[in-house]
Amino acid sequence: MTITRRNFLRQAAGGTAAAAACATLAPSPAEARDNLKVPEKAIGLLYDSTLCIGCKACMSGCKDANNLPLEDTIGEKLWDTPLELSGKTYTVIKIYQHGTMANKDKAENGFAHIKRQCLHCVDPSCVSACPVSAMQKRPEDGVVTYNKDACIGCRYCVAACPFGVPQFQYDTPKPEIAKCQLCKHRLAEGKIPACAEQCPTGATLFGTHQALSAEIARRKAMKPGEPNLFPRRTIDSGDNHEKAAAEYVDHVYGEKDAGGTQVRYLSGVPFDKLALPVGLPERSYAADSETLQTTLYGGLILPGIALAGLVAAAWRGSKTHHDDDDQGGQNHG
Ligand code: SF4
Ligand code: SF4
Ligand code: SF4
């Protein structure tokens, strides 16, 4: 049988029965491990869908910066045409479209863009699920990194991520996990992530978590329709893009979802239409599964049981994503 991500999730989710049985022995709140906190010097990205023009300069910048091969999905072997994240693609711009598509950033008869990539979770499930610490969260700035030399190819991270981000390179002789590491090699050289560097409108903006939080608050306070300045590349670049402010939905994606993320999103269209799972709890899945592991079993729980809880969480996210197709709009790469 072909092993697809969905099949793997389905099979692994079957193992959640044991975890469910354990849940009846839920620990007292005093014993529970809390969500991890945002590191003091955390960095991240703000993607503002209302500023995105779908040019995909971020995608080609990402490929260049990370030496990723072209991905041909239309049989011309000429253009890079990924439709989703893959072993060859760390970020992809997708489009929501509905009806006449006459209205940008509107759900009804409208369209909107969305950038998929690793969200650099504040309390990442992939790090919690990895049995050999190949996935790690850097304590200083919160970037979630991957060490191919430590990785044993178990794909627990693939199953555990609630956002469907890590991709296994099935079609290479030496497969690795593919995911955005916030261009850590460029950060080490004093540069900013390539996607933010290349974005012509400031839709993808790099900065400290704190500065991006202030920018999010500023944008939410803007009056829709009034001209405003939007910084390109970094908040303090001094290079601004002028545009009328859009009307945002009342949800900053990543502010609290699954314990929060360091890549956050603003949009004029509800996020369930943009291929992002909604309804995720504010408590991180990693906190839940590690609480079960440490408090009930004194650290002796089988890794598979802990993983089962993370897989169940990822399955719920994956199902939400899948169900989007039935909600009146469509997402395309
Ligand atoms: S989005 Fe997925 S891969 Fe990225 S840090 Fe969060 S759990 Fe890990
Ligand atoms: S931060 Fe770097 S690796 Fe991540 S999506 Fe942007 S360009 Fe790609
Ligand atoms: S480069 Fe900026 S405007 Fe162009 S697709 Fe990417 S995020 Fe959107």
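Predicted model: local features only at pLDDT ≥ 70, side-chain atom pairs only at ≥ 80, totals over all residues.

Biologist: Thanks! How many aromatic pairs are there in the whole structure?
Modeller: The search finds 5. Rings of Phe, Tyr and Trp (its six-membered ring) pair if their centres lie within 6.5 Å; planes under 30 degrees apart are stacked, over 60 edge-to-face and the rest tilted. One of the pairs is F163 with Y253, edge-to-face, with 6.2 Å from centre to centre and 75 degrees between the planes.

Biologist: What does that pair tie together?
Modeller: F163 is in the loop between α5 (156–160) and β7 (167–168), and Y253 is in the loop between β11 (240–244) and β12 (263–266), so the pair links parts 90 residues apart in sequence. Helices (H or I, at least four residues) and strands (E, at least two) are DSSP runs, numbered from the N terminus.

Biologist: Is F163 buried or exposed?
Modeller: F163 is buried at 3% relative accessibility, and Y253 is buried too, at 0%. Buried means under 20% relative accessible area, exposed over 50%, and partly exposed in between (1.4 Å probe, protein chains only).

Biologist: And which cluster do they sit in?
Modeller: Y47, F163, Y253, Y265 and F271 make up one aromatic cluster.

Biologist: New topic: what's the strand order in the open sheet?
Modeller: The order is β9-β1-β12, 3 strands with mixed pairing. β9 (204–208) and β12 are the edge strands, each pairing on one side only. Two strands pair if DSSP finds at least two bridges between them.

Biologist: How many bridges join β1 to β9?
Modeller: There are 5, and β1 (residues 43–48) runs antiparallel to β9. Y47, from the aromatic cluster, has T204 as its bridge partner in β9.

Biologist: Last one: what surrounds ligand 2?
Modeller: Its shell includes C62, Y90, K115, C180 and C195; a residue is near a molecule or strand if one of its heavy atoms lies within 4 Å of it.

Note on methods:
Residues numbered from 1 in each chain as written. Chains lettered and ligands numbered in written order. Heavy atoms only, no water.
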